[in-house]
Amino acid sequence: MYIFNSCQTIWLAIIDSNDLVELLQFPFMQRAIAGAILMGILGGMLGSFVTLRQLSFFSHAVGHAALVGVALGVLLQFNPTWMLLPFTLVFGVVVLYLIDKTDLGSDSVLSIVLSGALAIGVILTSLIKGYRGNLMAVLFGDILAIDTTDLILTLLILVGGSIFLLSTLRQQILLTLNPDVAQVQGIPVQLYRYVFVVLLSLAVAVAIKAVGVLLVNAFLVIPASTAKLMSHHFSRFLILSVIVGSSSSIAGMIISGLFNLASGPSIVLVQFLLFVAVFIWVKLRMKAP
């Protein structure tokens, strides 16, 4: 059974009294809204490139392998966030290196490494004794538990990622569409690939606090996929992805409080329903005379 923290209990009490104005005055709710917006923007921006570069399985592997970092943090009595950041970063870079240095397909390498990391994570989890509230919160997400440190980390990653991707946007688009042509034109393809993997790994680490290890990949992929249905122009696609990511995060938080549901799954559920609605709308518009 999912364990809600004290902040979520306070939120549910306020929701039951329908006092949404008073709700916004609570610091934990203000942090949650700020975190939802920042993570939604970060997820939408990186998710756009993840979708186009077919890196969904990569982010899936990084997210699920983060279970090792979570378990280590709990076992060593460290803040799981501080274990997640270095672990996901090293894991992402090592996986990309293995893909580049072996003759195996990327899906094979990812499957092997993911399976090994999950096995280690499950074994480490079994060694945890007593209360596992911190572990459960990271597995399933609790955006209401976001603190100031999480917001600062997310903001730093968002600012750094935005500067890198937007300042090299033309090169990034060419790299996404045709890496061979990008290489011929002198674009440092390998450097850009590794920097993007670093950003993606860090984004996965901070997003886990909100949506959990089990759903973090959906948090990156679904908003971008929804935006892709609405526009094939890259600039509009990128903007729509950011809008969908941030707005669905806030809507998921509200639904979480109204119906006493876990925050992470609620956010992803809103994203999924929005994707289905946009898909149906696009299909109906195509059939219209």
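Leaving aside its neighbours within four places in sequence, which residues is Ser231 in contact with? Hello everyone, let's start with that one. The residues in contact with Ser231 are Arg236, Phe237 and Leu240. Ser231 itself sits in the loop that runs between helix 12 (216–230) and helix 13 (234–258). It is a buried residue, with a relative accessible area of 8%. There is also a polar contact here: a polar atom of the Ser231 side chain lies 3.2 Å from the backbone nitrogen of His233.

Before going further, please keep in mind that this is a predicted model.

Now for the overall picture. The protein chain has 14 helices and zero strands. The chain has 289 residues, and 49% of them count as buried. How much of the contact count comes from residues 24 or more positions apart? Among contacts with a separation of 6 or more, such pairs account for 76%.

Let's go inside next. The largest nonpolar core has 74 residues, and the ones touching the most other members are Leu42, Met45, Leu46, Phe91 and Ile143. Helix 11, residues 189–211, gives the most to this core, with 15 residues. As a general background remark, nonpolar side chains in soluble globular proteins tend to be buried together.

Take Met45: setting aside neighbours within four places in sequence, Met45 is in contact with Leu158, Gly161, Ser162, Leu165, Leu238 and Val242.

Then there is Ile143, which is found in the loop between helix 7 (133–140) and helix 8 (148–167). Is Ile143 buried or exposed? Ile143 counts as buried because its relative accessibility is 1%, and the cut-off for buried is under 20%. Not counting residues up to four places away in sequence, Ile143 touches Ala32, Gly35, Ala36, Lys209, Ala210, Met253, Ser263 and Ile267. Have a look at Ala207 as well: Ile143 and Ala207 are 64 residues apart in sequence, and their C-alpha atoms are 9.0 Å apart in space.

Staying inside, let me show you helix 12. Why can we call helix 12 largely enclosed by the rest of the structure? Because 12 of its 15 residues are buried. The buried residues of helix 12 include Val216, Asn217, Leu220 and Pro223.

Two of those names, Asn217 and Leu220, come back when we turn to Ser59. Ser59 lies in helix 4, residues 56–75, and is buried, with a relative accessible area of 0%. Leaving out residues up to four places away in sequence, Ser59 touches Val50, Leu200, Val204, Asn217 and Leu220. With Asn217 there is a polar contact from side chain to side chain, at 2.4 Å.

Gln54 is found in the loop between helix 3 (27–52) and helix 4. Its phi is near 55 degrees, a positive value in a residue other than glycine. Gln54 is exposed, with a relative accessible area of 73%.

How many salt bridges does a search of the whole structure find? The search finds one. It joins the side chains of Asp100 and Arg193, at 3.2 Å from N to O. This pair links distant parts of the chain, since Asp100 is in helix 5 and Arg193 in helix 11, 93 residues apart. Asp100 counts as partly exposed, at 30% relative accessibility, and Arg193 is partly exposed too, with a relative accessible area of 24%.

Leu75, Leu76, Phe78, Ile123 and Leu127 make a nonpolar patch of about 480 Å². Where does Phe78 lie? Phe78 is in the loop between helix 4 and helix 5 (80–101). At 48% relative accessibility, Phe78 counts as partly exposed.

To recap: we have a predicted model with 14 helices and zero strands, a largest nonpolar core of 74 residues, and one salt bridge.

Methods
Residues numbered from 1 in each chain as written. Predicted model: local features only at pLDDT ≥ 70, side-chain atom pairs only at ≥ 80, totals over all residues. Heavy atoms only, no water. Helix = DSSP H or I, 4+ residues; strand = E, 2+ residues; numbered from the N terminus. Buried < 20%, exposed > 50% of the residue type's maximum accessible area, 1.4 Å probe, protein only. Contact = heavy atoms within 4.5 Å. Polar contact = N/O pair within 3.5 Å; in protein donor to acceptor, adjacent residues only side chain to side chain. Patch = residues over 30% accessible without salt bridge, like charges linked within 9 Å, V, L, I, M, F, W, Y side chains within 5 Å. Areas by Shrake-Rupley, 256 points an atom, 1.4 Å probe, with all protein chains shown as cover. Salt bridge = Lys/Arg side-chain N within 4 Å of Asp/Glu carboxyl O. Core = buried A, V, L, I, M, F, W, Y, C linked by side-chain atoms within 4.5 Å.
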